[in-house]
Amino acid sequence: MDDKNSTPETPPTQPVDAGRTEAIAPTPTPAAPAPAPKRSRTRGWLIGGGAVLAAAILAGGGIALGAEMADEAGDLAASAASDDSDNDSRDVDDSSDDSPDSVGGDVSNLGTDSADDLVAMIDAASAAGAGEPTSIDLKRDGSAEVKLEADDGAETEVRVDAAGEASVVSTESADDDGAPRDVLDADSIAAIVDAALAEADGRIVEIEADDDSASPWDVTVLTAAGEFVELDLDAGFAVVATATDSDD
């Protein structure tokens with residue numbers, strides 16, 4: 001064979017088996033997108049209605065919660081106001097409680113060393129209420145409380161202010177005690193003041209007549225040292241017992 005006319009060599013072909021048919025796979029066709037599901041009108045109503053209902057519930061709950069909080073705040077304010085009122089009331093009560101059991105505070109105006117002052121207060125009280133005077137209790141503001149007992153046992157409490165004006169505070173109905181055995185007249189007051197201040201120098205704070213035959217007179221004296229001295233006097237106005245309570 002002539003080299004000039006030679007043709008390029010081609011690779012040998014693979015023999016094909018007789019009767020064999022080679023299948024050619026078809027090119028796949030892109031699948032059409034699935035249609036979106038229809039929106040149910042009923043479902044839409046349910047969703048919308050649920051949202052509205054939830055909002056209403058939340059709103060109602062907020063209103064109820066706000067009302068509850070407001071009630072609690074009002075209760076706290078009322079409680080605080082009540083506490084303040086109670087504290088003020090206790091302060092007033094404490095200021096007027098001048099008995100030996102209540103010590104402390106300003107006692108510069110408490111009591112008197114004059115029998116005439118005591119008699120004047122008792123006379124004013126006797127003019128305002130019924131009964132005989134059986135006790136007198138002086139207060140820090142210059143006033144006094146006088147107890148009157150009637151023959152049938154009825155009791156009347158009279159307040160005499162620092163200016164000498166008397167007013168009935170309370171009354172108690174008759175009981176079985178009957179008329180008082182000892183009363184605070186001018187003579188007994190003078191004797192009591194002399195005996196008490198001779199024992200404890202100071203000011204008379206309280207005098208009371210009781211039914212104890214051994215010591216029918218109870219007297220309280222406030223000394224310059226701030227001590228409350230309680231004295232028991234017998235029927236002859238002699239001191240038979242003493243006790244001291246400090247004002248510290």
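Are K147 and E149 buried or exposed? I looked up both: K147 is buried, and E149 is buried too (buried is under 20% relative accessible area, exposed over 50%, partly exposed in between, with a 1.4 Å probe and protein chains only).

I note that this is a predicted model, where local features need pLDDT of at least 70, side-chain atom pairs count only at pLDDT 80 or more, and totals for chains, interfaces and linings use all residues. Residues are numbered from 1 along each chain as its sequence is written, and side-chain values use heavy atoms, with hydrogens and water left out.

**Salt bridges.** I found four in the structure (a side-chain nitrogen of Lys or Arg within 4 Å of a carboxyl oxygen of Asp or Glu). One of them joins K147 to E149, with the closest N and O atoms 3.8 Å apart. In another, D141 pairs with R159 at 3.3 Å between the closest N and O atoms. This pair links distant parts of the chain, 18 residues apart: D141 is in the loop between β1 (132–138) and β2 (144–149), R159 in strand β3 (residues 155–160) (strands are DSSP runs of E, at least two residues; helices are runs of H or I, at least four; both are numbered from the N terminus). I read R159 as partly exposed, at 32% relative accessible area.

I located D176 in the loop between β4 (166–172) and α3 (186–199). D176 is exposed, with a relative accessible area of 81%.

**Helix α3.** I counted 14 residues, reaching 20 Å from first C-alpha to last. Its buried residues include S188, I192 and L197.

How values were computed
The expected span of a helix is 1.5 Å times one less than its number of residues.
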